[in-house]
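Here is a briefing on one protein model. Keep the sequence and the 3D view side by side as you read.

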Amino acid sequence: MKLKLIAIAACAAMLLAATACGGKKAEETSGSNAAKETAKISAMQVDDVLAHADTLVGKTVTLEGVCTHICSHGGRKIFLMGSDDTQTIRIEGGRIGKFAPECVNKVVTVEGIVREDRIDEEYLRRWEERLAAGTEEHHGTGEAGCNSEKKARQETGRTPEERIADFRTRIARSEQETGRAYLSFYHIEAISYTIAE
């Protein structure tokens with residue numbers, strides 16, 4: 001009789017363990033689906049990324065915005081706009097290489113790493129040296145540079161010299177107001193992206 005009770009108890013314990021495992025598996029799966037749904041919902045807006053970019057440097061984020069431009073020099077850069085055209089961020093192709101031309105005028109969701117670009121006096125001096133040597137890379141359709149890049153940095157200069165002078169003025173203001181002798185701009189190094197249909 002004792003053997004029968006031990007056998008029944010063992011079977012019951014195995015049945016409970018199997019049910020518990022099965023129950024847990026179902027919970028993990030539904031949790032996994034919930035995480036996927038949360039990831040879709042939790043894509044940051046461009047405005048939010050720009051507002052908190054200094055705290056996000058080096059971190060992976062998911063953001064979405066309307067693609068306003070794709071770089072005509074190989075399609076390795078796109079620009080996403082937030083609430084208006086003053087809220088624009090550059091997305092670098094990084095590991096993914098080129099972006100599809102279909103990105104333009106569509107909502108694009110990008111997963112990528114936030115990177116900081118600093119413009120200081122050394123950066124401007126090297127830029128002037130490249131201009132003097134005739135080795136400066138040209139982006140955009142004219143000598144002034146890529147309009148989307150300029151918009152993302154809130155630049156007003158029409159020539160490289162005007163842009164450099166504008167940056168020097170802004171750096172001096174930054175140093176006076178914050179003690180930082182540089183300007184910080186941010187971009188995203190893309191890991192993956194999707195285009196909304």
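Two rings of Phe, Tyr or Trp count as a pair if their centres lie within 6.5 Å. By that rule, ring pairs link Tyr123, Trp127, Phe167 and Phe185 into a cluster. The model is predicted.

**Overall fold**

- The protein has 5 helices and 6 strands.
- Starting at the N terminus, the order of elements is α-β-α-β-β-β-β-α-α-α-β.
- The protein has 197 residues, and 29% of them are buried.

**Aromatic rings**

- The structure holds 4 aromatic pairs.
- In one of them, the ring centres of Trp127 and Phe167 are 6.2 Å apart. Their planes meet at 55°, so this pair is tilted. The tilted class lies between the stacked class, under 30 degrees, and the edge-to-face class, over 60.
- This pair links distant parts of the chain. Trp127 is in helix H3 (residues 121-133), while Phe167 is in helix H5, 40 residues apart.
- Are Trp127 and Phe167 buried or exposed? Trp127 has 4% relative accessibility, so it counts as buried. Phe167 has 0%, so it counts as buried too. The cut-off for buried is under 20%.

**Charges over rings**

- Which ring does the charged end of Arg118 sit over? It sits over the ring of Tyr182, 4.0 Å from the ring centre.
- Arg153 lies over the face of Phe185, at 5.6 Å from the ring centre. Phe185 is also part of the ring cluster.

**The largest pocket**

- A probe the size of a water molecule, rolled over the atoms, shows where empty space is left.
- The largest pocket has a volume of about 580 Å³.
- Its lining has 27 residues, and the closest to the pocket centre are Leu50, Leu183, Ser184, Phe185 and Tyr186.
- Which elements each supply at least two residues of this lining? Among the helices are H2 (46-56), H4 (147-152) and H5 (160-178). Among the strands are E4 (88-92), E5 (107-120) and E6 (182-195).
- By class, the lining of the largest pocket has 11 nonpolar, 7 polar and 9 charged residues.

**A buried charged residue**

- Glu155 is in the loop between H4 and H5.
- Glu155 has 10% relative accessibility, so it counts as buried.

**Apart in sequence**

- Leu63 is in strand E2 (residues 60-70).
- Leu63 is buried because its relative accessible area is 0%, and the cut-off is under 20%.
- Leu63 and Tyr193 are 130 residues apart in sequence. In space, their C-alpha atoms are 9.5 Å apart.

**A positive phi**

- Most residues other than glycine have a negative phi.
- Asn105 is not a glycine, yet its phi is positive, about 70°.
- Where does Asn105 lie? It lies in the loop between E4 and E5.
- Asn105 has a relative accessible area of 63%, so it is exposed. Exposed means over 50%.

Notes: Residues are numbered from 1 along each chain as its sequence is written. This is a predicted model: local features need pLDDT of at least 70, side-chain atom pairs count only at pLDDT 80 or more; totals for chains, interfaces and linings use all residues. Side-chain values use heavy atoms; hydrogens and water are left out. On a 1 Å grid over the protein atoms alone, a cavity is a set of points where a 1.4 Å probe fits but cannot get out, and a pocket is an open set with protein on both sides within 12 Å along at least five of seven lines; lining residues have an atom within 4 Å of a point. Grid points are joined across faces, edges and corners, and a volume is the space filled by probe spheres set on the points. Helices (H or I, at least four residues) and strands (E, at least two) are DSSP runs, numbered from the N terminus. Ala, Val, Leu, Ile, Met, Phe, Trp, Tyr, Cys and Pro count as nonpolar, Asp, Glu, Lys and Arg as charged, and the others, Gly among them, as polar. Rings of Phe, Tyr and Trp (its six-membered ring) pair if their centres lie within 6.5 Å; planes under 30 degrees apart count as stacked, over 60 as edge-to-face and the rest as tilted. Buried means under 20% relative accessible area, exposed over 50%, partly exposed in between (1.4 Å probe, protein chains only). A charge sits over a ring if NZ of Lys or CZ of Arg is within 6 Å of the ring centre and within 35 degrees of the ring normal.
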